[in-house]
Amino acid sequence: MLQIYKRFWAVNWAAQWQYRANLLMYLAYWVVSPIVFLAVWSSIARAQGDVAGLNAGDFTAYYLTLLPVDIVTASITIHILASKIQDGTVSNALLQPVHPVLTNVLVDNVAFKALQLVLFVPIWIALVLLFQPPLTYTLGSLLLSVPVLALGFLANFLLSGIITALAFWTTRVFAINEAYFILANLLGGSFVPLAILPGPLQGLARLLPMQLWLYFPTQVALNRLSAGEIALNTALLMGWLIVLFMVFRAVWNAGLKRFSAVGA
Amino acid sequence: MTLNASTPPIAVQALSKTYQVTDRAGGFGAAVKGFFKREYKDVKAVQSVSFEIAQGEIVGFLGPNGAGKTTTLKMLSGLLHPSGGKANVLGFTPWERRDGFLKTMTLVMGQRNRLSWDIPAADSFLLNQAIYGLSDAEYASSFGELNELLDLKEIIRKPVRQLSLGERMKCELAAALLHRPKVLFLDEPTIGLDVSAQARIRAFLKEYNRRSGATILLTSHYMADVTALCERIIIIHHGQIKYDGALSDLSRRIAPYKLIGLDFDDDTVVDLAPYGQPVTRENEDGMQYVQVPAEKVSAVTARLLAEQRVRDLTVADPPIEDVIERAFHE
């Protein structure tokens, strides 16, 4: 199995390099909205002194940490696979004795973000020099954020796999994804840090999985959580991983039964 | 399920597939109505199809567009779940999609790519080696054999997007056969290729079948593929089997007539209507043709020789395209 992943890596890594210009454009898209939120919230905080206890520096540090977290945990599965399900070309992958999502698409996601990070690091350094945020990282918090990011990515990957598999039923899967994307940004901590959300919404957001691959790893890296909070969120993340895996498997298998392989 | 020597590698029983498709008229009004209330209709793509294919056979699966050929191949290769019926391929139910099944069969769809366009085919071959769990020795031997038949060495080093269609099709076939499948489903394997590339692919398939003993079910709109490769054909139309038997028997059963070709002294044009049904052929060889029932060929030939100044005379079976066309619509 390891050999299969290694070969998929070789193929996808080489293929990603063919599209590096494309990747730069994606990167611009990825960077713009957190920078806008950073600018908006830090201006408000500067004007008011603070927002719910967070000052301008806190917002800058939060959004400049959220940026790489988002890149590491994001999933591009829908862009890789949905149109192939709709036009039937996923057939080629379905003929092979490996699960296309859990092998090729997973590795393609990783190759995409690996190359994206290579291009992103100099941009991030420039942004840090520009905004001079009070980054509260410690060696321990950074090391701890590595497994949290990995698990967070896997959970997000499975959720995006579930949304992508809806393409077996509907041709409007990108519209569904857009709606989800807005909800995920709101409940995951992109539009606002979770602490600012109103009470009931914040309570809901903390239980839902989206914050586990955005807000939670960001706070871990910034060393802002107690050991108890880290343990609780990690347990929640593991629980969601199991649930998402089971739902993904069920939806994918049901989708295959419906698959009509049109045109291919 | 176990497979013994007498079990055919492909056995299909009353296999059916019905698609549900949306049905609406054109125009804005219909689009608005369709937004609120969708109407569906059932399309019976395959209706209770049954056949068996013995080990090592190459069978042509023929029919006009939309006849149900590709749908049947997709069910037999595990891509589609049927609406009814049974199929057994190498001891497996295809749509259960077990690894053991996927490792022993292949489906090649003409012009469809298994290979990644951005990298040389050689890299995709190595990926297939890992996916199908081939040892280095197995891979080397399988690749060596395919290279010998398809002359791949040079072309697999170029990115796939830079290959000609013929070169790409060779690589696609090689990628689909590296794991030495025992059953091959080929859907229009020569489509879009020029005549010489078609001939090379045909020669390759014939040789691959001879060497490996693989069972092959292929669809093609090129009768040259069928006549070169298949002793047996299955004709399907509107999802139902119209003919299953030897290609050589088809003319006798479906079109029991012969074509008499005639060349007259001084290139005279003779009215052939009294002898049979005159036909025009496209090859413009200067001969006139008349179609006569098979049992009357000797009598009509004798009359023609007696009554006309015949320089040359040939008797041939009707072209296979015409016979198959007739079989579709019977």
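Biologist: What share of the contacts in chain B with a separation of 6 or more comes from residues 24 or more positions apart?

Modeller: In this predicted model, residues 24 or more positions apart account for 72% of the contacts in chain B with a separation of 6 or more.

Biologist: And what is the figure for chain A, counted over contacts with a separation of 6 or more?

Modeller: For chain A, 80% of the contacts with a separation of 6 or more are between residues 24 or more positions apart.

Biologist: How many helices and strands does chain B have, and what does its C-alpha trace span?

Modeller: Chain B comes to 11 helices and 13 strands, and its C-alpha trace spans about 75 × 60 × 50 Å along the principal axes. Of the 330 residues in chain B, 40% are buried.

Biologist: Which residues are buried in H4(B)?

Modeller: Helix H4 of chain B, residues 121–131, is mostly covered, with 10 of its 11 residues buried. The buried residues are Ala121(B), Asp123(B), Ser124(B), Phe125(B), Leu126(B), Leu127(B), Asn128(B), Gln129(B), Ala130(B) and Ile131(B).

Biologist: What do those buried residues of H4(B) pack against?

Modeller: The buried residues of H4(B) pack against helix H5 (136–150) and helix H6 (165–177) of chain B, together with H1 of chain A. Just after H4(B), Gly133(B) takes a positive phi of about 65 degrees.

Biologist: Which residues of chain B have a positive phi although they are not glycine?

Modeller: Ala14(B) is one of them, with a phi of about 50 degrees, and its place is in strand E1, residues 10–22, of chain B. Glu188(B) also has a positive phi of about 50 degrees without being a glycine, and it sits in the loop between strand E6 (183–187) and helix H7 (195–212) of chain B.

Biologist: Why do Ala14(B) and Glu188(B) count as partly exposed?

Modeller: Ala14(B) counts as partly exposed because it has 13 C-beta neighbours inside 10 Å, and Glu188(B) counts as partly exposed because it has 19 C-beta neighbours inside 10 Å. A residue would need 20 or more to be buried, and 12 or fewer to be exposed.

Biologist: What about chain A as a whole, how many helices and strands?

Modeller: The secondary structure of chain A comes to 11 helices and 0 strands. Its C-alpha atoms fill a box of roughly 60 × 40 × 35 Å along the principal axes, and 39% of its 264 residues count as buried.

Biologist: How does the radius of gyration of chain A sit against that of a compact globule?

Modeller: A compact globule with 264 residues would have a radius of gyration near 18 Å, and the 19 Å of chain A agrees with that.

Biologist: Within chain A, how do the axes of H4(A) and H7(A) cross?

Modeller: The axes of helix H4 (residues 77–87) and helix H7 (residues 139–165) of chain A come within 9 Å and cross at roughly 25 degrees. H4(A) and H7(A) are therefore roughly parallel to each other, and their crossing is right-handed.

Biologist: Which residues meet there?

Modeller: From H4(A), Thr77(A), Ile78(A), Leu81(A) and Ala82(A) meet Phe157(A), Ser160(A), Gly161(A), Ile163(A) and Thr164(A) of H7(A). By class, the contact of H4(A) with H7(A) has 5 nonpolar, 4 polar and no charged residues.

Definitions and conventions
Residues numbered from 1 in each chain as written. Chains lettered and ligands numbered in written order. Predicted model: local features only at pLDDT ≥ 70, side-chain atom pairs only at ≥ 80, totals over all residues. Axes fitted to C-alpha atoms, helices over the stretch in contact; angles between N-to-C directions. Helix = DSSP H or I, 4+ residues; strand = E, 2+ residues; numbered from the N terminus. Parallel < 35°, antiparallel > 145°, perpendicular 65-115°, else oblique. Left-handed = near helix turned anticlockwise from the far one by under 90°. Contact = placed C-beta atoms within 7 Å. Nonpolar A, V, L, I, M, F, W, Y, C, P; charged D, E, K, R; others polar. Rg over C-alpha atoms; globule rule 2.2 N^0.38 Å.
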